[in-house]
Amino acid sequence: MARLKKETQFNLTYFFIAIIAILLIQDFWAHKKNVAYIPYSEFRSNLKSGNISEISILDKQIRGAFKEQINNKKNFLTTRVESDLVKELEASGVKYNRVIENTFFKDILSWILPTFLFFAIWIYLMKKMAEKGGGVSGGFMSVGKSKAKVYVETDTKVSFNDVAGVDEAKAELTEVVNFLKSPDEYGILGARLPKGILLVGPPGTGKTLLAKAIAGEAGVPFFSISGSEFVEMFVGVGAARVRDLFEQARKKAPCIVFIDELDALGKVRSSGIHGGHDEKEQTLNQLLVELDGFDSKSGIVLLGATNRPEILDPALLRAGRFDRQVLVDRPDKIGRIQILNVHIKKIKIVDDLDLEQVAALTPGFTGADLENLVNEAALVATRRKSSDVSLDDFNVAIERIIAGLEKRNRLLNPFERKVVAYHEMGHAIVASSLPGSDPIHKISIIPRGIGALGYTIQRPIEDRFLMKKEELENKMSVLLGGRAAEKIVFNHLSTGASDDIMKATEIARSMVTKYGMVEDLGHVNYDDKQTSFLGTQSFSNMSRYGEKTTQAIDDSVKELIEKAYKKAIEILKEKQSILEESSNELLEKETLSETELKKYFI
Ligand code: ADP
Ligand code: MG
Ligand code: ZN
């Protein structure tokens, strides 16, 4: 569309240049004919003196020729003034006629020039809009076109070296890059490319940066678009954009398609009768169709990024779509040192700057926070007119940032960190002491994006479809291990356990109402929840059971939970020394891996 417009514009320009040239030449000729512009009175006097051979009367002017030249001019031109000219002309015997002016060119010009101007302005505005749209083919007329930008290797000057402290994510993505670079090598063993990779993590941890780095490393075309750019006012436009994007990508395969802020378009579709968000739904459906429409052999790798995976539509996350999720988490201490190392290259620092100290003081900081910190520190140093940035500048900057961030970012004070460390170790120790629990993969006390102050990741050895009653009970004990540890060590109850309690309660309730695991209540389903198609739940608030039964259900749930809690307390009391020791190590290192934990769990 844009290219076509450009051609038309060119042709029109030539056309008008030609017309103007013709007019100029005409004018030039008129001058050549040596015409004298004379006042009307002079014309009259010449007429009287009989010095005029012939005239032509135009609408507004009189053209004519002298008998004898005046000022070397044979012809003359004068502006008409009404009078009874004809009589005089008759009297002087001059040859005269009335000319009907040919106004063809003038008329044409008066039509075309405004049109031309209008078009010029229109084209100019279109161009402006297209530029604003940020794409090659944006703008008003190309509503359905995708605005994806295509980066090639040299366009983004970001490489994997610029992304620090997220080694796991980097390793995973490096594999994809290598795959795209040499598909044959991987193909030998029959491996296939992952279809969709979703980068998940709190804001500012470097997801967008990672994607740019892949573009820099990949050496294949890289389409980048933000989810919000699919969200349009008109129904169907977003869907058309998705289609267009994948069409382009298919032509350029092998390539990478990156959709940033995926949550903007991948929100859970509304269930139930009130439709409403038709546009978003259509866009999402189109995306799902496209995801199913290419297989991994086509060489398109889809990359997504989001900091709100919990609101994504489950259909996006199921196997065969975004089948790999890569966690881009807040960096631990070592990661923070690496990130600081990347960013201090931009400033002048003292030779013996102890980055480890800076890293130790900034738990919970993301890559973006650290970049900001380096900049703040440089500002502080500039203010005190120093030639290089020292540790003190960093300390001042940290204080300034934390004071500002505290409310938004859940940075913990030392006591809270201690509580979180014991809490998480509590989970881990109970898990390791109970048979059949999944091994602990990683423990961390780095506050995580939404809600969690720390976390313990258990790694399931195998997919489980059946669970025995004992296993469910053990699971509840593990969940309550956090609260138990806090109770034993600090003798307090804190809000930190609310999520654990909710999960444990859910398990207990299911055991009672769904699985028929409580003897007194028998093998009966007491589940009032109506699970609708696609897993969203609605509640009927009318209970079908008598007061006694309801009471019995509540009592059984409570009993199960208390039993599990007691078990957790028992285990932790027995292993309190291990709890102390390991919690201190966790406080020191912030994250403990499986191997580091081994010594505690024999
Ligand atoms: P996200 O997309 O996850 O919200 P960005 O990728 O936009 O975060 O990160 C913002 C900025 O923070 C980056 O441009 C970079 O300068 C800095 N940054 C974030 N994470 C890292 C990291 N792991 N290593 C180096 N710099 C980082
Ligand atoms: Mg981003
Ligand atoms: Zn917990």
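Trainee: In which loop is Glu590 found?
Mentor: The model is predicted: local features need pLDDT of at least 70, side-chain atom pairs count only at pLDDT 80 or more, and totals for chains, interfaces and linings use all residues. Residues are numbered from 1 along each chain as its sequence is written, chains are lettered from A and ligands numbered from 1 in the order in which they are written, and side-chain values use heavy atoms, with hydrogens and water left out. Helices (H or I, at least four residues) and strands (E, at least two) are DSSP runs, numbered from the N terminus. Glu590 lies in the loop between helix H19 (576–589) and strand S16 (591–593).

Trainee: Is Glu590 buried or exposed?
Mentor: Buried means under 20% relative accessible area, exposed over 50%, and partly exposed in between (1.4 Å probe, protein chains only). The relative accessible area of Glu590 is 2%, so this residue counts as buried.

Trainee: What is the phi of Glu590?
Mentor: Glu590 is a residue other than glycine, yet its phi is positive. The value is near 75°.

Trainee: What is the phi of Glu261?
Mentor: Glu261 sits in the loop between strand S9 (255–260) and helix H9 (278–293). With a relative accessible area of 33%, Glu261 is partly exposed. Although Glu261 is not a glycine, its phi is positive, at about 50°.

Trainee: Which residues coordinate the zinc ion (ligand 3)?
Mentor: Donors are N, O and S atoms within 2.8 Å of the metal (3.2 Å for Na, K and Ca); water is not among the atoms, so sites may look incomplete. Here the distances are 2.0 to 2.1 Å, and the atoms are NE2, NE2 and OD of, in that order, His423, His427 and Asp500.

Trainee: How are the donor residues of the zinc ion (ligand 3) spaced, and how many residues apart are His423 and Asp500?
Mentor: The sequence spacing of the donors is H-x3-H-x72-D. The pair links distant parts of the chain, with His423 in helix H15 (residues 414–433) and Asp500 in helix H17 (residues 498–513). His423 is buried, as is Asp500.

Trainee: In what order do the five strands of the open sheet stand?
Mentor: Two strands pair if DSSP finds at least two bridges between them. The edge strands, each pairing on one side only, are strand S1 (35–37) and strand S5 (95–98). With mixed pairing, the order is S1-S4-S3-S2-S5.

Trainee: Which residue in S4 is the bridge partner of Tyr37?
Mentor: S1 and strand S4 (residues 73–79) run parallel and are joined by three bridges. In S4, Tyr37 is partnered by Leu77.

Trainee: Which residue in S3 stands opposite Ser56?
Mentor: Strand S2 (residues 52–57) and strand S3 (residues 61–70) run antiparallel, joined by five bridges. They form a hairpin with three residues between them. Opposite Ser56 stands Arg63.

Trainee: Which residue in S5 stands opposite Ile55?
Mentor: S2 and S5 run parallel and are joined by four bridges. In S5, the residue opposite Ile55 is Tyr96.

Trainee: At roughly what angle do the axes of helix H2 and helix H3 cross?
Mentor: Axes are lines fitted to C-alpha atoms, for helices over the stretch in contact, and angles run from 0 to 180 degrees between N-to-C directions. The axes of H2 (residues 40–48) and H3 (residues 85–92) come within 10 Å and cross at roughly 35°.

Trainee: Which residues of H3 make the contact with H2?
Mentor: Contact means heavy atoms within 4.5 Å. From H2 the contact takes Tyr40, Phe43, Arg44 and Leu47, and from H3 it takes Leu85, Glu88, Leu89 and Ser92.

Trainee: How far apart in space are Asp388 and Ile349?
Mentor: Asp388 belongs to the loop between helix H13 (367–383) and helix H14 (391–409). Its relative accessible area is 25%, so Asp388 is partly exposed. Asp388 and Ile349 are 39 residues apart in sequence, but from C-alpha to C-alpha the distance is 4.8 Å.

Trainee: Is Ser390 buried or exposed?
Mentor: Ser390 lies in the loop between H13 and H14. Leaving aside residues up to four places away in sequence, Ser390 touches Val350, Leu353 and Arg384. Its relative accessibility is 15%, so Ser390 counts as buried.
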